Structure formats: C-alpha cells, structure tokens
Amino acid sequence: MAFDSFSAFLAMEGHGPYVWTCYAVFVVFVAGMMFWSARRNRAVIEGCKRRFEQQQGTSGQDVRQKASATFTRVEVSQD
Amino acid sequence: MSEPLLQAINLECERDERLLFQNLSFSILPGTVTRVEGPNGTGKTTLLRILAGLNDAWSGDLLWCGEPRSRQRESFLRNTLYLGHRPGIKPLLTPMENLRALMAGRRPVSDKLLSQALAGTGLAGFERVPCRNLSAGQQRRVALARLLIADEPLWLLDEVFTAIDASGVQAIEALLQQRAAEGGAVLVTTHHDLQLPGMNRITLGQGQNHEC
Amino acid sequence: MNAKVDAVLKPVETGVGPVQAMIAVFSRDVRVAFRQRQDLLNPLLFFVMVVTLFPLGVSPEVEFLRQSGAGILWVAALLSVLLSLDHLFRHDFDDGTLEQLVLQPQPLFLLVLAKTLAHWMLTGLPLVLLTPILGIMVHLEGNSIAILCLTLLIGTPVLSLIGAIGAALTLGLRSAGVLLSLLIIPLYIPVLIFGTGTVAAASEGAPVAGYLALMGAFLVLALTLAPFASAAALRISMSNS
Amino acid sequence: MWQFFHKLGSPKWFYGIATRFMPWLLVAGLMLLLAGLVWGLAFAPKDYLQGNSYRIIFIHVPTAFLAQSMYIMMAAAGVVTLVWRMKLADVFVKAVAPVGLVFTFLSLFTGAVWGKPTWGTWWIWDARLTSMLILLFLYGGVIALDRAINDEKSAARAVAVLVLVGVVNIPIIKYSVEWWNTLHQPATLKLTEEPSMPTEMLVPLLLSIAGLYLLFGWLACLRMKTEILVREQRTRWVKDMIMAGGR
C-alpha cells in the first residue's frame, strides 16, 4: 500500500479529486457502454422472437398480396 | 445460333432490404432486341445498371463473351453503350459539345460525323444552342444521337422513349430493329408498348422470372 | 473467347488513349465552368470575406495581423476550397454525365485526376493569385507573401485531391456539404500545419527549402494515392444511387 | 486455408464462436482490469515528479492505446471489406466505431483532467492530446458517414474507403502535429513520456491495458452479434436459433 490510511488514499495529497473524477468517468462510460450494448442486443432478440411468433401465427396466408393500381379518384368533396 | 455476348446466371439483387429478383438467368445474343418489362419498382432500371456495371450490389454470375465480366472490364466497357434515365447532357454546353464530350473517351469521331448524327435526330440548326434552352425531348435526342454513330455491339437503353414524340418513337423502333439486323444486341426497358418481330422478353416482378 | 463473338467486338485498342480522354474531361469541365462564371467567383469572394472578418472580429493591429496573417489566409483558402468541393461531382451526378464517365473504357482514376486538376485550376489557382493582395492587406512582408504563395501553390492541389475523396464519398447524400467538411477537415490538418509553419519559419529567417520539399512530398503522395481512393468512392456512390 | 477464411466470414459461424467465448472474455477482462486499476491506485509508488496525479495514467494510456489500435483494426477490416467483400468485416467496423469514439473521448477527458494538476490548466495544445482530438474527429466522420448512407453494403464500403484514407493520414497527422508542437512550445512537461518507468508502475499499466483489451473484445463480440442479428433476421438459422431460445 502506497498510502498510510484510507483517508490519505482518498485525498491523494490533494490530487484526489482529479484522479477520482477520471476513474469515475471511466467506469461510468465503460459500464454504460456495456450496459447499453447488452440492452440493445436483448431488444433485438426480443423483436426477432416476437416477429417469428407472429409469422407462425399467420403462416399459410400470403401476406404480400399486391393490389393493382387503378388510378381511380378518391371521393373528395369539392366545394 | 451465335454465342451470347452477355450472359447472366442466377442473378440476384436485394435493395433496401427488399429482394428485387433472384435466379434470373438469360443470354443476350448478337442480332436480338430484348425488352425488360414489369411494373414500376420491380427492378428494371436496377437490372440495367447492374448489366452496365454501375451497380455492384448483386450476386450470381455475369459472363461477357463466356468469361467473367470482372476480368474483361476494358473490353466490356469499350463494347457496351448505356443510356440511363438521366441523359448525361450538360445544360450549359451545346449539343455538339455534349456529344463530343460523350464520345471523347471512347473513340475518335470527326465533327462532321457528330453534326450528321445530330441532324439525324432532328437537331439540325440547334448545334450551337446551349442545351438548357432546348426542350426535354430535344435534350433526350442529343443523348440518342449517340446511337446513330455508336459502334458498340451491346446497347443497354433505359426508357429510351421518354419525352420523345410519336414520329420519333417510330424512328427509334426502326433504328433498334436495324441495329439488330446488323448484328448488334439491344436491351431496352420501356413502358411504351414496344412490339418488334422476334423480340425477346425478360419479365420482372412476377414472383418467378422467365428465361429466354 | 470464341471466334464468332470476336467478329462483333471492337478491340479496346481502337479507342482513345487515356491522355486524350483526360484532356477531354478537363476541357469539358473548364468549358462548363466558364459558361457559369459566377460559380467561379464565389469561392474567391468567400476567401476575401473570411479574411476581412479577422481584422474586424479580432484586431486590426498591425502586429497581430502580421503575426497571424499567414494562418488566416491559409484557413480562409482551405475553407473556400472546401466550400467549392461540393460541386465537384454533384452537377455531373445530377445530369448523368458522371455515369457516362464511370462507364468510359478508361482507367477511372485518371479521369478523376483530370476532373480534380480542373477543379484546382478553377478554384485553387485563383486563390493563390489573389493571395498577394490580401497578404498586403494583413501587413505581411514581401518575403513572407512570396513564401505564402508558394506554400499555397503546392498546398491547394493537395486540398483538391483529398477533398475529391470526400466529395465522391458523400455524393448523393442528404446534407452532403456539412458531412463533407466533417470527413475532410481532419485530413487537411497536416497540409495546414506545414503551410503555415513554413511561412513562420521564413519570417524568422530560417531556411525553408526542406519544408517546401516536404510539402512537395505531400503533393506527390496525394497525386499518386488520392485518385484511386476517389475512383473507388465514386464507384461505391454510383452503385448506391 | 481458403475454406477457413470463408468460414471465418460466415456470420453464423462467428455467432456461435462469439457466444462460446464471450463469458471468458468478460470474466478475464474484468479481473485483469480490476487488478491493474487497484494496483495502480493503491499500491504503485508515487511518482516523484507529478505526485499522485500520475495515477490517471492507468486509464489514460489504455484508452488512448485502444482507441488508436481500434482505428488500425477498422482499417484492416476495411481492406477485407473492399477486397473480399466479407460480411463480417463490415459488421466489425460498424459495431466498433462508436466504441472507438467513446474510448478516444475518455482518453482526451482523462488527459485534460490530468493536465490541470500537472500544467495548471485544463487544456494544453500538447502533441498527444491534439492528435487524439484529431482522432476523435476521424471517428466522428466515420460514424457520420455510416449513418448518412441508407444502403448497408454501400455504407460499409464507403466507410472502408474513408477509414483507409484516414489510416494513411494518421502517421502524417501525428508527425506534423509533433513538429508543430515543437515549433510553438518547446520542452514542456510531457504527460506520458516517462524516460523509464519502474516495474511497479509498468506492471499494473500492462495489466489494465490487457484487461481493457479483453473487455473491448467482449464488447465488440456483443455489438457484432447484435448487428448480425439485425442484418440476418430473415435467414433460417437466426429463426431456428432464436426460437430454440438461443442468445
């Protein structure tokens, strides 16, 4: 141990605020990045799962039925 | 039967998460006119851009004279003429200057030939007018003038008939037919009801793709 | 290759040599630019205006201006080149001439090089020619002005060459102009540092031949590598549209 | 060899491997980093010149080191993208660029905070800090370009070109910034250039570099897996894997 006491460790002879700010910011950013990446990973997996389950529910129907264009005018009132 | 100029094998293209076509195979033979057809948004223009070598987002095989096109790039570019949606005409230049610039990287052409080509598209007398003063149809005609002096055996023409009047359309149809008779190969996309004797078709957007 | 197809094909050699193709591209760009002279003047006006802002915004004192004049002129020149880069490929892209350029049976990097040289001749070179006047206005000494012009003469082609990569990459994108600046400014830093550093060394009476040689090396490096990168970027952007 | 190369490029194969190795990466990375930081904070001796503020080195140098080497890795992946069109390389660049941005920022931030007790000011145009700042710009450009292009394949290739151009420039930038630095402020107290570091300081530094590297490996795997899922969500294997409860 390079320090005599815990309070000396925290103070670091006056350089404590600088050192601890750096370490805090470092931990916050790295942990935050890890957390967000994991969260997004889970969200994508959940999203895929939901879609796949939905597809199984509606399987058999052709979802992509194309409507042919007719270019008929939509009823609009023209005052 | 002669050998195909360009051959597509199991072409597949996906664009913006959407499958445009897959398992598309066809051959383009010298002396034929082929029409690419299909409704809007089925990938006609994309197919032409792929064949021209502008779009790289495809998989499958493209053979130029029986060999992979990527290894024949110079020969392919020298022997292919592509006319796109955007005519490639600079509004600030005159038809003459535009045509000269378009031909410049391909082969030496005399000014006399260029003005003959412009006259052939009905632009005689407009040689010295900046293209921005011409109508949309006239600007297209400047681009089309290249067809009159082109020596490239393969033509890829995207929507050639856009903004062209009825008599012009007829003349272009005749030009394409004549080109096929000379031994050239022509691939066109058009919404105009093009009917030429002996014309091949590639139909996109029907779930399955026809071979021809 | 089989014989029947060979009969139809035109051999590549019947075409035009790359140098002729480059000349054609160059002269077309110059011609188009001279039909629209206002576009030629814009970067120059911008250059003059940015330089004017410094005496007004910071200080008109002779001492300050003499000390930072070279830096101001370099930054202003860099910004005006940046401003003009957005047009390098955009008009060609919009009207379809770029498609035809890419499809020419020529090495694309040479054609891109021709376009870039045209761009430099139409923007970078006028900036260099304007520099002596502005140098006098910011109280630079004669020797410094000469060295400054020399560094700009070597440096502005580098700016055009590197900038062409960015212009090709951002072609057809929304807010391409801002994005272009973001991508390119970091890459401009070495040229800026050596450009202004050389003038500073000259004003202190130090020999500058070494620095100029180093800038020349930058230019050679940019000339040999940048066109390849621009051509690759151009193909990617074409494929995307 | 070629088969191996191709297998390496297959997202499915990578997904399996990554899933298997990730727990190890995480545990080993966290342990090494923790060991390095605790050692560096509490047990390493005080620096005779800078006092205790030098302890920031144990995060400043690893983040800076990682940020730089990530850019080089991205450039290598860029070559693979352009030459072999390997999907995994695109995924790597896209997944890693934001991490690189964060690490660059962290090294800048810690450098600035370190500068306050050492130089008495938050920011000095020191050669290293300045080139890190430029690296931050480069990362920003990469991310901005990637976001601006809609089509994934084009975006990957455009970004690859940009990263390669950047990597050619980095040595030039570094060199010119160092030259510029000597021009304007000769001989100041350098942050990290210790003439010879005693072992008691070097070992914790190396430990935390190794730990952060492994942690970065874990992060990269996780982010790449997410990106692979997004891109391949319509394929059979993703469906089978997810319906089987795979992660």
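Q: How many residues does the contact take from chain C and from chain B?
A: In this predicted model, the contact takes 30 residues from chain C and 39 residues from chain B, where two residues are in contact if their C-beta atoms, placed from the backbone, lie within 7 Å.

Q: Which elements give two or more residues to the side of chain C that touches chain B?
A: They are helix 1 (3-8), helix 2 (18-35), helix 6 (97-102) and helix 10 (209-240) of chain C, and helix 2 of chain C gives the most, with six residues. Helices (H or I, at least four residues) and strands (E, at least two) are DSSP runs, numbered from the N terminus.

Q: And what classes of residue are on that side of chain C?
A: The side of chain C that touches chain B has 13 nonpolar, ten polar and seven charged residues. Here Ala, Val, Leu, Ile, Met, Phe, Trp, Tyr, Cys and Pro count as nonpolar, Asp, Glu, Lys and Arg as charged, and the others, Gly among them, as polar.

Q: Before we go on, how are residues and chains labelled, and what are the limits for a predicted model?
A: Residues are numbered from 1 along each chain as its sequence is written, while chains are lettered from A and ligands numbered from 1 in the order in which they are written. As this is a predicted model, local features need pLDDT of at least 70 and side-chain atom pairs count only at pLDDT 80 or more, whereas totals for chains, interfaces and linings use all residues.

Q: What about chain D and chain A, how many residues does each give to their contact?
A: That contact takes 33 residues from chain D and 26 residues from chain A. On the side of chain D that touches chain A, the largest share, nine residues, comes from helix 4 of chain D, and by class this side has 20 nonpolar, six polar and seven charged residues.

Q: Switching to D:Leu145, is that residue buried or exposed?
A: D:Leu145 lies in helix 5 (residues 127-148) of chain D, and it counts as buried because it has 24 C-beta neighbours inside 10 Å. A residue is buried if 20 or more other C-beta atoms lie within 10 Å of its own, exposed if 12 or fewer, and partly exposed in between, with C-beta atoms placed from the backbone.

Q: Which residues does D:Leu145 touch?
A: Not counting residues up to four places away in sequence, D:Leu145 touches C:Leu169, C:Leu179 and C:Leu183 in chain C, together with D:Ala158, D:Val159 and D:Leu162 in chain D.

Q: Now chain B, what is its mean pLDDT?
A: The mean pLDDT of chain B is 86, and 96% of its residues reach 70 or more, where pLDDT is the predictor's confidence in each residue, from 0 to 100. Over residues 208-212 of chain B, however, the pLDDT is below 50, although this stretch has 14 contacts in the model beyond near neighbours in sequence.

Q: How many helices and strands does chain B have, and which domains?
A: Chain B has six helices and nine strands. Its domain assignment gives domain 1 (1-79 + 153-212) and domain 2 (87-151), with bounds that come from an automatic or database domain assignment.

Q: What separates those two domains of chain B, and how many residues are in contact?
A: Taken over C-alpha atoms, the centres of domain 1 and domain 2 of chain B are separated by 24 Å, and six residues of domain 1 are in contact with five residues of domain 2.
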